[in-house]
Amino acid sequence: MTLAIVLAAEPAAGHLTEPPAHPVEPAGRVNGEPLTERLAAQWRRAGADDVRIAADLTELADLVAGATGPVLVSGADLVAHTAVLKHLATSPVGPTVALVLTDPPAPGQATVREERGQVVEVGAADPSGVFGGALRVGAADLPALADAARRAGGGGPLGAVDRLVAGLAARGTLIFAHRVRLLVAHRVGDEAQRAAAESAVAAVDEDRAELKLSVKERDDFFTTFFVSTWSPYVTKAAARVGIGPTGVTMISVAFAVAAAVLFGTGGRPALVAGAVLLYLGFVLDCVDGQLARYTRHFSAWGGWLDTMADRFKEYVVYAGLGFGATHAGFRYGWALALAAMTLQTVRHMTDTWYGALHDEAARRPKVVTADAGGIGGKLNAASTRVQADTGSVSYWLKRTVVFPIGERWALIAIAAALFGPLVALVAVLVWGTLAFAYTGGLRTLRARWMRVPVLTTVDAGLHRDDGLLARTLPTARRPLLLAVLGALGAAGTLVWALLAVHGGGDLPVWVPVLALVLLLGAAQGSRSPHDGSLDWLVPAALRAAEYLFAIAVGVAGRAPAWLIFGYVLVLTLLHYDLTARLEKRQAAPPLHAATLGWPGRSLLLAIGLIAGYASIALATLGAYLLVVFVASVVLAWVVLPARARGGVRSPG
């Protein structure tokens with residue numbers, strides 16, 4: 001149950017209860033209605049189950065002490081669209097979110113500084129905004145909220161709600177920032193400001209603004225100019241007919257699968273049709289998120305499904321292109337598809353961990369600015385300037401050169417339609433490799449400058465996907481060095497296997513054994529501290545090591561190329577499941593231990609290769625892992641939530 005509390009304690013500028021001298025009557029408002037009563041009614045319309053008015057912070061603390069779900073808090077000086085409060089109440093960015101405005105701060109109002117969407121300092125000397133007088137506090141942070149309310153109840157230079165958020169931040173609570181765009185929210189200190197704010201609220205078409213807000217504020221070039229210019233109309237239509245975000249996601253998956261089949265079929269008409277379906281599938285991929293934001297239908301299931309569906313669609317398309325290139329007479333079509341999938345997965349691993357690094361650095365501003373004169377500091381300053389110069393050539397170049405999903409799908413569609421599957425795969429690999437080199441190099445320099453031990457804030461063993469075998473091995477230091485050595489061993493095995501098979505011979509037994517020893521050596525870093533400035537690269541290196549070793553086993557054992565691709569595709573599903581959970585700081589999948597960990601899986605494949613049954617090992621282990629993955633999904637999103645609710649319902 002969601003509790004909303006309107007704090008009636010007087011703000012620094014005085015509590016407003018009288019009607020303005022020249023009242024403005026927005027739709028649904030009563031002339032002269034006190035702001036506390038108006039805000040209470042707005043919270044109800046925004047979805048709060050229970051709304052209370054607290055006379056002071058002590059009473060607020062008592063109300064919070066009895067709450068079992070999220071708590072919404074606002075001061076008595078806020079004039080805003082109801083949609084602003086609804087967006088704050090339903091924000092998916094984190095459990096605790098504060099409204100942040102760009103208004104100039106008035107006496108008694110707390111200034112804030114935010115980085116990467118996080119409020120990193122309240123009462124900042126160099127603020128990026130002012131606290132908007134409203135916040136949502138997640139259930140886990142309620143004890144800190146109650147404690148902050150009791151300790152801030154004695155008064156001070158700030159208004160009551162401002163003292164509350166300052167106290168919450170001082171206790172180390174992770175607070176995300178919710179900015180207001182297109183809609184209106186102002187904190188008012190007198191009747192003239194109230195009248196002006198109400199006029200501004202009345203002047204905005206709330207539904208039209210919400211539809212525009214469903215589009216991401218900053219997106220990539222192709223998405224911005226070739227999708228978002230018309231996708232909101234599809235979003236509006238989907239909302240009218242009652243299709244939910246999950247339904248749109250499933251249609252998008254069907255479009256991508258159909259495109260993959262057409263790419264595999266070959267022939268100019270099929271390739272052009274596949275390109276069109278791929279483009280439309282990407283439009284729907286954008287629409288599902290826009291629909292969720294427009295209807296405010298967010299769920300952990302929907303976020304997880306969107307992440308998994310995006311990668312599945314892309315890799316199925318790679319499979320179609322690989323089959324099509326092979327069918328057209330190119331011997332290594334499947335090899336290119338495997339390379340594209342491996343490259344993209346490793347890139348995503350580095351993206352996830354660098355994002356976690358950057359988020360942690362944002363919460364430690366003194367560490368970040370310690371070496372502002374060095375190359376890392378200069379790169380960070382240059383990146384900040386480019387990102388701030390929205391719409392400039394340098395801004396769009398920076399967003400395009402990293403090869404985001406919109407550009408990838410556009411390149412695939414155009415290259416496949418005009419030149420065929422082989423050119424599409426080669427283009428993806430070339431641009432993807434250059435983008436990886438560019439982002440990896442710059443991020444490495446910036447990470448050394450940040451000096452933030454990011455992996456100490458998460459379960460490194462879980463997200464390395466080590467499994468039981470790694471935990472039984474002796475512990476060794478330098479996890480990055482060990483991971484790189486393991487990846488090099490796997491890569492060397494793959495090269496040796498390719499040369500041996502190409503020459504008509506067999507892979508010597510000692511080669512996979514040596515590679516396995518190097519891999520198990522990498523596993524010895526599982527329990528060592530991942531506190532080096534470059535240890536955020538460890539998970540990606542381990543993914544590369546496992547994939548390359550599995551491919552080497554398949555090549556050396558002369559397994560069908562499609563079987564090798566299918567096995568690695570199953571591995572990517574397991575790893576993206578972990579990635580999605582890392583981004584939301586969620587627990588491990590229910591059956592994660594049954595996936596054996598990458599050392600255990602690699603050991604089984606090596607045994608199969610040495611015994612002469614590489615294909616059987618790949619097929620059997622791949623099928624087993626797929627069954628475990630599906631069962632884990634059903635448990636995580638259907639069975640366990642149904643038990644918690646006391647009934648049986650499928651995730652929405």
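Residues are numbered from 1 along each chain as its sequence is written. In this predicted model, local features need pLDDT of at least 70 and side-chain atom pairs count only at pLDDT 80 or more, while totals for chains, interfaces and linings use all residues, and side-chain values use heavy atoms, with hydrogens and water left out.

The largest nonpolar core has 114 residues; a nonpolar core is a set of buried Ala, Val, Leu, Ile, Met, Phe, Trp, Tyr and Cys residues joined through side-chain atoms within 4.5 Å. Buried means under 20% relative accessible area, exposed over 50%, and partly exposed in between, with a 1.4 Å probe and protein chains only. Phe263, Trp304, Tyr318, Phe565 and Tyr567 have the most contacts inside this core. Helix α23 gives the most to it, with 15 residues; helices (H or I, at least four residues) and strands (E, at least two) are DSSP runs, numbered from the N terminus. Another core, of 34 residues, lies apart from it and includes Leu57 and Leu142.

Leu142 leads us to helix α4, residues 142–152, where Leu142, Leu145, Ala146, Ala148, Ala149 and Ala152 are buried. Why do they lie on the same side of α4? They cover an arc of only 165 degrees around the axis, the arc being that of the directions from the helix axis to the C-beta atoms. Pro143 and Arg151, on the other side of α4, are exposed. The cover over the buried residues includes α2, β3, β8 and α5.

Next, arginine 408, in helix α17. Is this arginine buried or exposed? Arginine 408 is buried, at a relative accessible area of 3%. Beyond its neighbours within four places in sequence, its contacts (heavy atoms within 4.5 Å) are Arg311, Glu314, Tyr318, Gln344, His348 and Phe403.

The second largest pocket is lined by 22 residues, with Tyr332, Ala335, Leu498, Ile551 and Val555 nearest its centre. On a 1 Å grid over the protein atoms alone, a pocket is an open set of points with protein on both sides within 12 Å along at least five of seven lines, and lining residues have an atom within 4 Å of a point. Helices α13, α21, α23 and α24 each supply at least two residues of the lining.

Finally, the loop between α23 and α24 holds arginine 558. Although not a glycine, arginine 558 has a positive phi of about 55 degrees. Most residues other than glycine have a negative phi.

Methods:
On a 1 Å grid over the protein atoms alone, a cavity is a set of points where a 1.4 Å probe fits but cannot get out, and a pocket is an open set with protein on both sides within 12 Å along at least five of seven lines; lining residues have an atom within 4 Å of a point.
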